[in-house]
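This report describes selected local features of one protein model.

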Amino acid sequence: MDRDESHVPTVTGAPVTAGRPLPLRVAAPMAVVAGLALLLSFPPYGVWPLAPVGVALLAAAAHRRRLRAGAGLGFLTGVALFAPMLAWTNLHTGYLPWVLLSLLQAGYLALLGAATAWVSPLADRGPWQWPALTGLLWVGQEALRDRTPFGGFPWGRLAFSQDDSPLLRLAALGGAPLVTFAVALVGGLLVAAVWRGWAARHDARPEWWLAAVVPAAVVVAVGVVSVLVPVAAAGGGGTVTVAIVQGNVPRLGLDFNAQRQAVLNNHVDATLELAARVASGAQRQPDLVVWPENSSDIDPLRNPAAGARIAQAADTVRAPILVGAVLLGPGPGQVRNAGILWRPDTGADMTQLYTKRHPVPFAEYVPLRDIARQVSDKVDLIRNDFVPGSTPGVVRAGPVTLGDVICFEVAYDEVVRDTVTGGAQLLVVQTNNATFNEAEARQQLAMVRLRAVEHGRPALMASTVGVSGFVAPDGRVSDATGFNTREVVVRQLRLDSGRTLATRLGWWPELALAGLAVAALVGAGVLRRRQRVVPG
């Protein structure tokens, strides 16, 4: 007998389907394969149909297990997913931060594995409960992981694997949580079809094929419904011509800005070249120029030479420039990661300045520094803590109102949504990928695609080194740049000021789904208390 299943439970008044979990020698490899399948569904691989397959494999591996075994299997899946996915975090800081972050994220999938094992009695009570439970538990796990600890780390959400999938359209109805739920629901349908179909055939029941065909038909129905979901077609707000300047850096890595003012000069020179093409008639006159995060490696508000160079670029191109800069202050030893609008002739517009609201812990600031130093002296590479902003990134740049978010902020639902409810017509993601690699950049671009569909807005990502590009409200990418190159892309965008259902509902879909997940856990607890053990 499998050591995880020492008895067969029944429930007073209602029988539970008797059965054992899969043998551990089968379940453990399945859990690892589940993580690898999930990994391959994300960019840069982008095999999005593997996401529900990974969900199904973990659900089957943890089903009917004891909590400890379920947690262990979930942890295996988490390590197989997050260790390679987050490998870009160890490129320049050593292995320890990467290992600690990967293990922390895997811990949340361990909780998911334990929760999957916990609700097994509910899943066994009816053929349609298992898929719904799977979807709810994934949303609940992500809701927790996105917020804890220190504000959470939403990288690797199921929704972010679906940038080329028809399920992406569901983001217009309920944002990333609804897309995650749909992916996990499909995975639950797959495992229910295979598990119940095999069990029925093993028992020689003539209707065994129904157990497989019905869930498969529901999977197809989910896909069809997703395709029929209308996505916003931008319009009604006029047009605007926007240029993205990807100036590149002297060298990749943590010392990308070690050569004083080189990053700024790269972006100024690329903008001056754009201005020359505009003057010759070879390029359309932009209404706005967007530079990426850290495009000014010197505080232009305190350094006259840096400010003069930005002013030269803005005056020559005859358009405001959204500049990404690290600004000193407001207090001693403090800095701000900011996007500031630099207008031609008048210079920096201090009324249109966005300070990053969600600095990255242990990258832009160090919580519990004294304790963290005992783990790794790498924390002292961050000499000054970044101060968070307090207001959404709504930047009014003449003919267009921008929703500015900086780097990893695009992964956080509320940070992006607040700009749209504040009036943003165009979503702008300023990012610096010089300390990472192309895989990280493409994972981030997938998030931009989801945000464009979620809020029915054109969007763009401007990176120092790539990948930069424009995203339509239906998620299509245009003019994507290469990595580690200097490029300028210009596009005319049609704006919209309407709101999708997802924008209007805000956090309610996630709250409802996560609340149902909690209810399922409670219900499983009640059911377990009513169980009586029958000697095996």
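## Strands, a helix and backbone angles

E4 and E5 form a hairpin with five residues between them, and Gly329 in its turn has a positive phi of about 90 degrees. This is a predicted model, in which local features need pLDDT of at least 70 and side-chain atom pairs count only at pLDDT 80 or more, while totals for chains, interfaces and linings use all residues. Residues are numbered from 1 along each chain as its sequence is written, and side-chain values use heavy atoms, with hydrogens and water left out.

Helices (H or I, at least four residues) and strands (E, at least two) are DSSP runs numbered from the N terminus. Two strands pair if DSSP finds at least two bridges between them. Strand E4 covers residues 321-328, and its pairing with E5 is antiparallel over eight bridges. Within this pair, Ala325 stands opposite Ala338 of E5.

Strand E5 spans residues 334-343 and is mostly covered, with seven of its 10 residues buried. Buried means under 20% relative accessible area, exposed over 50%, and partly exposed in between (1.4 Å probe, protein chains only). E5 also runs antiparallel to strand E6 (residues 347-355), joined by six bridges. Trp342 has Ala348 in E6 as its bridge partner. Three residues lie between the strands in the hairpin of E5 and E6, where Asp345 takes a positive phi near 75 degrees. With strand E7 (residues 385-386), E5 pairs in the parallel sense over two bridges. The bridge partner of Val335 in E7 is Phe386.

Helix H6 has 17 residues (129-145), and at 1.5 Å a residue these should span 24 Å; the end C-alpha atoms are 24 Å apart, which agrees. The expected span is 1.5 Å times one less than the number of residues. Because 13 of the 17 residues of H6 are buried, the helix is largely enclosed by the rest of the structure.

Two cis peptide bonds are set out here.

| Cis peptide bond | Omega |
|---|---|
| Thr148 to Pro149 | near -15 degrees |
| Gly466 to Val467 | near 5 degrees |

Pro149 lies in the loop between H6 and helix H7 (171-202). Val467 lies in the loop between strand E11 (459-463) and strand E12 (469-471).

Arg64 is not a glycine, yet its phi is positive, near 65 degrees. Arg64 sits in the loop between helix H2 (50-62) and helix H3 (67-85), and is buried, with a relative accessible area of 12%. Asn294, also not a glycine, has a positive phi of about 60 degrees. The loop that holds Asn294 runs between strand E3 (288-290) and helix H10 (304-317). Asn294 is buried, with a relative accessible area of 12%.
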